[in-house]
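Please look over the sequence and the three-dimensional model shown here before reading the report.

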Amino acid sequence: MAEQENQEIGHKELAHKTLLQSDALYQYILETSVFPREHECMKELRQMSEKHPWGLMATPPDEGQLINMLVKLINAKKTMEIGVYTGYSLLSTALALPHDGKIFAIDINREYYELGLPMIEKAGVAHKIDFKEGCALPLLDELLLDENNKGAFDFVFVDADKDNYLNYHKRVIELVRVGGLIGYDNTLWSGAVARPPDAPMLDYVKQFRSYVIEVNKYLAHDSRIEICQIPVGDGITLCRRII
């Protein structure tokens with residue numbers, strides 16, 4: 001039954017999910033290391049999201065697995081997510097947190113979040129999530145007004161509007177603790193960051209390419225963090241705050 005449910009998916013359908021150039025290799029990773037350990041509620045949420053018209057926005061399962069492990073490795077208790085969609089990465093984080101852990105989750109669209117909420121509730125972790133609907137920048141500015149919020153977060157995951165990544169970084173760097181992590185999703189942007197600007201690209205890829213390149217350069221020279229850019233999914237850059 002599991003083999004039927006996780007049938008091999010053509011690479012064209014997964015092109016936005018991974019930079020691996022082999023269908024078979026990516027499928028091997030999923031079937032060997034990811035799907036057998038995927039929580040049943042995460043599987044249900046993933047399969048629902050894949051059928052949604054905007055399913056390409058969902059966090060891929062191998063990246064969800066990585067986030068889950070990172071949260072556990074740093075013993076995170078208080079986290080933030082900017083850009084939730086249906087909540088696959090949110091659920092991955094919530095499952096990794098202790099019972100009294102908390103996630104401050106921000107998205108401009110509550111409707112998408114509520115699509116995944118039944119699975120989050122079924123997993124028994126809805127109490128860990130404080131969801132806020134709205135634009136992230138004013139909500140972050142509001143948090144920064146309270147000195148108690150500075151350095152209070154262990155982990156921040158950003159997967160939202162790419163043209164504001166730099167604006168997000170300038171705020172969340174103050175909110176994450178020294179030794180804490182920030183993860184920026186889509187920092188390899190379908191490989192477009194390494195292509196000439198006049199290369200053929202999908203419109204949305206071309207539209208935000210320059211913003212992703214800008215934030216990558218900024219992160220590479222930010223002395224407040226150590227970074228590691230990983231070719232998982234569409235690229236995720238991990239930033240460990242050191243000062």
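Predicted model: local features only at pLDDT ≥ 70, side-chain atom pairs only at ≥ 80, totals over all residues.

Residues are numbered from 1 along each chain as its sequence is written, and side-chain values use heavy atoms, with hydrogens and water left out.

**Overall fold**

The protein has ten helices and seven strands, where helices (H or I, at least four residues) and strands (E, at least two) are DSSP runs numbered from the N terminus. Along the principal axes, the C-alpha trace spans about 50 × 50 × 30 Å. Of the 243 residues, 53% are buried, a class that means under 20% relative accessible area, with exposed meaning over 50% and partly exposed lying in between (1.4 Å probe, protein chains only). When contacts (heavy atoms within 4.5 Å) are taken between residues at least 6 apart in sequence, 67% of them join residues at least 24 apart.

**The largest pocket**

A pocket is defined on a 1 Å grid over the protein atoms alone, as an open set of points where a 1.4 Å probe fits, with protein on both sides within 12 Å along at least five of seven lines; its lining residues have an atom within 4 Å of a point. The largest pocket has a volume of about 930 Å³, a volume being the space filled by probe spheres set on the points, which are joined across faces, edges and corners. Its lining comprises 38 residues, and M57, D159, A160, D161 and K162 lie nearest the centre. At least two lining residues come from each of helix 6 (88-96), strand 2 (102-107), helix 8 (136-144) and helix 10 (203-221), and helix 8 gives the most, with three residues. By residue class, the lining divides into 21 nonpolar, nine polar and eight charged residues; here Ala, Val, Leu, Ile, Met, Phe, Trp, Tyr, Cys and Pro count as nonpolar, Asp, Glu, Lys and Arg as charged, and the others, Gly among them, as polar.

**Salt bridges**

The structure holds 14 salt bridges, each being a side-chain nitrogen of Lys or Arg within 4 Å of a carboxyl oxygen of Asp or Glu. Three of them are listed below.

| Pair | N to O distance |
|---|---|
| R46 and E38 | 2.8 Å |
| E114 and R110 | 4.0 Å |
| E133 and R110 | 3.9 Å |

E133 counts as partly exposed because its relative accessibility is 46%. Salt bridges that share partners join E38, R46 and E50 into one network, and both R46 and E38 are buried. E114 and R110 are separated by about one helical turn because they are four residues apart in helix 7 (residues 110-122).

Most residues other than glycine have a negative phi. N186, however, has a positive phi near 65°, and W189 has a positive phi near 45°. N186 lies in the loop between strand 5 (176-185) and helix 10, and W189 lies in the loop between strand 5 and helix 10. N186 counts as buried because its relative accessibility is 13%, and W189 is buried with a relative accessible area of 6%.
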